[in-house]
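Let's take a walk through this model together, one piece at a time. Keep the 3D view open and turn it as you read.

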Number of protein chains: 4
Amino acid sequence: MNIIINSSSMIPIYEQIVDQIKGMILNSTLKENDILPSVRSLSKDLKISALTVKKAYDCLEQEGLTVTIHGKGTFVAVANRELMREEQRKEVEADFELAIQKGRRFGMQEQEFREILELILEDRL
Amino acid sequence: MNIIINSSSMIPIYEQIVDQIKGMILNSTLKENDILPSVRSLSKDLKISALTVKKAYDCLEQEGLTVTIHGKGTFVAVANRELMREEQRKEVEADFELAIQKGRRFGMQEQEFREILELILEDRL
Amino acid sequence: MNIIINSSSMIPIYEQIVDQIKGMILNSTLKENDILPSVRSLSKDLKISALTVKKAYDCLEQEGLTVTIHGKGTFVAVANRELMREEQRKEVEADFELAIQKGRRFGMQEQEFREILELILEDRL
Amino acid sequence: MNIIINSSSMIPIYEQIVDQIKGMILNSTLKENDILPSVRSLSKDLKISALTVKKAYDCLEQEGLTVTIHGKGTFVAVANRELMREEQRKEVEADFELAIQKGRRFGMQEQEFREILELILEDRL
DNA sequence: GTGGTCTAGACCACC
DNA sequence: GTGGTCTAGACCACG
């Protein structure tokens, strides 16, 4: 399971897990009915508390992305990919919207936002 | 004092106050040397604890946006606009960074972020 | 009355007044039985609240440096100058002692304290 | 945790805590990545409010001396010794400044400050 | 009146 | 368990 945890990030660990598994389901790294790693093995793998992994799996199940079968494991549900994609997109759009609103309150202009975006994207190259 | 508190928001009340007062200082609703409402009067006004207002005022002072004179009140500081500008920029950059991190966890590519930015900017035209 | 108030200082205004009048009594700018300015006139002079001047005069009287005669005014008491001088000296020594203790906890050496002292003294030239 | 609180002192309790923990970090009683006592345990230990300990820890974090990880605890930060040194120097300078201001209000001359400094330094030899 | 500090206890999110 | 926030009310110093 290719999950990367940044424990010094402001984002809760369980949320980082949720988001990355969501991504894997979306881009078909995880397919319908695939089994997720067990809570214990993943927690061992990532060197974090099993409770944290459990919370992440709970979130996924609550959103209908996975199904847990007692004594068997946690499986990727039959998902409406289109809908999921749309919701993720909206989440990110909302975050951008908030950031831009704040910038506008600070008097920033359109071009400055584009500069900031490019700066951050380049950081990753 | 035109401050709106959303107590059901995940954003701490004191931070909501800080942000809104920052905004007022920036758009000159509050000018240099203007006096802020007293801790007690604002807490009464907003129907929140005086300590919560105090914490917000402490944040503002810590950032150098206000000056407190004991027994007198809290006043808008003579601002170092260069420095303020720089800090605002950093704030917005941090928000962008977070939004982009989330998008990446969802598997979004660079071009998609640019599309989202343009969409939001155009919405406002 | 040659008193200088620094309202942005961390030292309370009333204490600044007390200290400066103490100094004047010591160096004989104010002599025994001299009358101090009235609370009202001094407060007007310094553009501060009369209550603040009153508090300063109360302190002086409590320390036995002045005597107030109702309806007449406040007068410099017959003081033991030697003792006063000694007490002031001890106050300042104690403040230095504290500052140096802190510096030593920080690992500063003797020469560094001398440098700091000279720097501050020069600032005033 | 060997912290001594003087509740009758004029120095706020939270500041007493900050100073003593600073001292421990400086003289390496507390080393990098050491964990501080939890807010609750220390408050219980010192028989003071948890909020007061919290405020002290906030100060330390704000100065970059500690790092707090939510749900984990508060840890001694990897220190930027250059920066720390500079801040310590400023602290001591400010204390000297105050002592000298007081002396000047008492009418002391430059040479007297030098004498006091030398007296205190010699006391320690 | 103002701000500064402190208390005792509550609820939440996170691990 | 941890820290983060908030409350309602108290006492003090300052003006």
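## Where protein meets DNA

Start with the surface near DNA strand E, which by class has 12 nonpolar, 13 polar and 3 charged residues. Bear in mind as you look around that this is a predicted model. In total, 28 residues sit around DNA strand E, and those that come nearest are Ser38(B), Pro12(D), Ile13(D), Ser49(D) and Gly71(D).

At least two residues each come from helix 1 (13-26) and helix 3 of chain B, from helix 1 and helix 3 (50-62) of chain C, and from helix 2, helix 3 and strand 2 (73-76) of chain D. Sorted by class, the surface near DNA strand F has 12 nonpolar, 13 polar and 3 charged residues.

Next, see how the protein chains meet one another. Chain B and chain A are in contact through 25 residues of chain B and 30 residues of chain A. On the side of chain B that touches chain A, helix 1, helix 4 and helix 5 of chain B each give two or more residues. Helix 4 of chain B gives the most, with 13 residues. Divide that side of chain B by class and you get 13 nonpolar, 4 polar and 8 charged residues.

Chains C and D make another pair to look at. Chain D can be laid on chain C by a turn of 172 degrees and a shift of 1.5 Å along the axis, with an RMSD of 2.5 Å. Here too the same surface serves both copies, as 96% of the contact residues of chain D recur in chain C. The contact involves 25 residues of chain D and 29 residues of chain C. Helix 1 (13-26), helix 4 (81-105) and helix 5 (110-124) of chain D each supply at least two residues of the side that touches chain C, and the largest share, 13 residues, comes from helix 4 of chain D. That side of chain D has 13 nonpolar, 4 polar and 8 charged residues.

What about chain B and the other two chains? Chain B and chain C do not touch, and their nearest C-alpha atoms are 8 Å apart. Chain B and chain D do not touch either, with 10 Å between their nearest C-alpha atoms.

Let's zoom in on helix 5 (residues 110-123) of chain B. At 1.5 Å a residue, its 14 residues should span 20 Å, and the end C-alpha atoms are 21 Å apart, which agrees. Its buried residues are Phe113(B), Ile116(B) and Leu117(B). What do the buried residues of helix 5 of chain B pack against? Their partners are helix 4 (81-105) and helix 5 (110-123) of chain A, together with helix 4 (81-105) of chain B.

Compare that with helix 3 of chain B. Its buried residues are Val53(B), Lys55(B), Ala56(B), Tyr57(B) and Leu60(B), and they pack against helix 1, helix 2, strand 1 (66-69) and strand 2 of chain B. Just after this helix, Gly64(B) takes a positive phi of about 80 degrees.

Finish with a loop. Ser28(C) lies between helix 1 (13-26) and helix 2 (39-46) of chain C. Its phi is near 70 degrees, a positive value in a residue other than glycine. Is Ser28(C) buried or exposed? Ser28(C) has 11 other C-beta atoms within 10 Å, so it counts as exposed.

How values were computed. Residues are numbered from 1 along each chain as its sequence is written. Chains are lettered from A and ligands numbered from 1 in the order in which they are written. This is a predicted model: local features need pLDDT of at least 70, side-chain atom pairs count only at pLDDT 80 or more; totals for chains, interfaces and linings use all residues. Copies are superposed by least squares on the C-alpha atoms of residues with pLDDT of at least 70 in both. Two residues are in contact if their C-beta atoms, placed from the backbone, lie within 7 Å. Helices (H or I, at least four residues) and strands (E, at least two) are DSSP runs, numbered from the N terminus. The expected span of a helix is 1.5 Å times one less than its number of residues. A residue is buried if 20 or more other C-beta atoms lie within 10 Å of its own, exposed if 12 or fewer, and partly exposed in between; C-beta atoms are placed from the backbone. Ala, Val, Leu, Ile, Met, Phe, Trp, Tyr, Cys and Pro count as nonpolar, Asp, Glu, Lys and Arg as charged, and the others, Gly among them, as polar. A residue is near a molecule or strand if its C-beta atom, placed from the backbone, lies within 6 Å of it.
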